[in-house]
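Hi,

Here is the structure I said I would pass on. Have a look at it first, and then read my notes below.

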Amino acid sequence: MDLTEIQKELLKTEYPMLQLDHDPDIERYYYFRSSGKPQNALRIFETRLKPRYPDERLRTALFRTYRSHDPVYRQLITVAYRSLTERSLDRVRRIIIYIDSKIAAYDERDVYSTIKAVEDILKILPKTRYEAIEGINQFFRYSQLLNFHVKSMEKAAELVQAYYNESLSAVGNEFRHRETEQGSDSAGDSQRGAFSSVTFTPADLNRIEISPSIDRVEDQTLAYCFKYWNLVGDPAFERILFLYSRKYGKKNHDMYILIRQGKRAKLRDDEILGTVMAVLSRGYYYSVLGDRYLQQQWVGLREILMDQEAEAKEHASARKLAAQKAATLRTTVKKGGREKKQAIAAKKKAIQRQVVGGAVVVAVKPTARNVAAMTPAPVPQKHYSRPASAVRPPVKQVEHTVGGSVSDRLRVLSGRSYDLYRERFLTNARPAIRKVLGAGKGIFFNLPEKAEDLVYNFLRDHYADPYMNWAESKERAELTALGFALESLNPVIDECYKTVRD
């Protein structure tokens, strides 16, 4: 019944709050129940205990023996921990295999290949420097305990460390080699020579370069800002852009830094555009017509960028939701019953149909798809009207539908095939809730905070949930008990949309 060394290591690292003979969350769960705080108890059960112990029979026996102070509890907790660590071990092995594939595929003599390999590994590690280094070292430790791809993991740990210390050997060796060959050449020429072996894929070049035919400074400004605006938080892209700029002696990376600094400083869009144009113009340059043209063209481009950003968030949210539901279904399937398995398999297929190749099937507006891979074309100065892409569609009168998420409802109302309203919707949801629930109750009526929170929290938690079921939810039951009959959330969503569409 004892746990192995690797299982104890996993338990200590992945679940530091657990004790070998006791789970403090079980004690906390029963404490909240006995203290008259069922919501707190339910939260611990749903977010910690149920995912930690998915086997219902084992979980029930665990709770029963704990409550009755049965000595069997200590044996059951060991069994439960063993199952927990086996799942963790499976995840660790899959991560080690992934890292090993990246280490095996890259060429350590090639700067670009080296950096790409490190960037791929960093995708599965924590974002901050120290947590990432600690994380890769922990996986190296696991590989040693398992005797599983130890050399690859050791190399991966060295690469990540060197990456954050800016001491990747491939880059340093190339610099030293070039400096020895060129002797008296200038430092700038030596630096460009050091990157001569770096090659870029067509996809990389498409994200980096603007069309060489663009010669007007206003159009160059628009092109750079449109290319890099939504990429300023992508460190992998910045590394590639840095290599490109150093190899070819271009200003692309400088433009990227200007845009990022402006966004982080929360400057207005026109201030960022002006800063970029000032650098591109190589001196003082100002034109009233050019400035007006710049501002008017940016309105349409900015709208497209907002759409793309919203689509990316929607994709990420839907992928996460689909993965969670699929994981829940995999656990439930094990509970037996052929008919039950068939029903769950059908539901799982319905979930998987939402995701194709890891991305949600969403029809993308043609303008967004077409310009994502190209730079904005110059427009004659006499055309100063607001671009069609920036004109918001009128509100549609639609029938209330059953099922679907908040996001689905907003797409129907807006006429769009994607949703870009999440943040604005949640910001304006509470006034809409108060208006709908307070209808006909007089000007001196104050909606109870608990009633408002019940509706708001449900809307927030199920914003992208295609299986949202308000009618049978505990939130609706509690709201009814407070004296508010809200059979559908559509009136609240519709009321809020009137505000967010403007």
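This is a predicted model: local features need pLDDT of at least 70, side-chain atom pairs count only at pLDDT 80 or more; totals for chains, interfaces and linings use all residues.

**A buried glutamate, and what else turned up**

Glu218 sits in helix α12, which covers residues 217–228. Its side chain has a partner, too: a polar contact of 3.1 Å links the side chains of Glu218 and Arg216.

Now for the overall picture. The protein chain has 23 helices and two strands. Of its 502 residues, 41% are buried. If you take the contacts with a separation of 6 or more, 68% of them are between residues 24 or more positions apart. The accessible surface of the chain is about 28200 Å², and carbon and sulfur atoms contribute 52% of that.

Two of its contacts are worth a look.

On the α1 side, the residues involved are Ile6, Gln7, Leu10, Leu11 and Glu14. They meet Tyr81, Arg82, Leu84, Thr85, Glu86, Ser88, Leu89, Arg91 and Val92 in α5. Sorted by class, the residues of this contact are seven nonpolar, three polar and four charged.

Then there is α8, residues 150–164: the axes of α5 and α8 come within 9 Å and cross at roughly 75 degrees. That makes α5 roughly perpendicular to α8. Here α5 brings in Ile96, Ile99, Asp100 and Ile103, which meet Ser152, Met153, Lys155, Ala156 and Leu159 of α8. The class count for this contact is six nonpolar, one polar and two charged residues.

Is Leu159 buried or exposed? Leu159 has 7% relative accessibility, and since anything under 20% counts as buried, Leu159 is buried. Besides meeting α5 as part of the α8 contact, Leu159 has its C-alpha atom 9.6 Å from that of Ile121, a residue 38 positions away along the chain.

That is what I have for now. Over to you!

Notes:
Residues are numbered from 1 along each chain as its sequence is written. Side-chain values use heavy atoms; hydrogens and water are left out. Contact means heavy atoms within 4.5 Å. Helices (H or I, at least four residues) and strands (E, at least two) are DSSP runs, numbered from the N terminus. Ala, Val, Leu, Ile, Met, Phe, Trp, Tyr, Cys and Pro count as nonpolar, Asp, Glu, Lys and Arg as charged, and the others, Gly among them, as polar. Buried means under 20% relative accessible area, exposed over 50%, partly exposed in between (1.4 Å probe, protein chains only). Accessible areas come from the Shrake-Rupley method with a 1.4 Å probe; for residues, only the protein chains shown count as cover. A polar contact is a pair of N or O atoms within 3.5 Å; within protein, one must be able to donate a hydrogen and the other to accept it, and residues adjacent in sequence count only if both atoms are side-chain atoms. Axes are lines fitted to C-alpha atoms, for helices over the stretch in contact, and angles run from 0 to 180 degrees between N-to-C directions. Angles under 35 degrees count as roughly parallel, over 145 as roughly antiparallel, 65 to 115 as roughly perpendicular and the rest as oblique.
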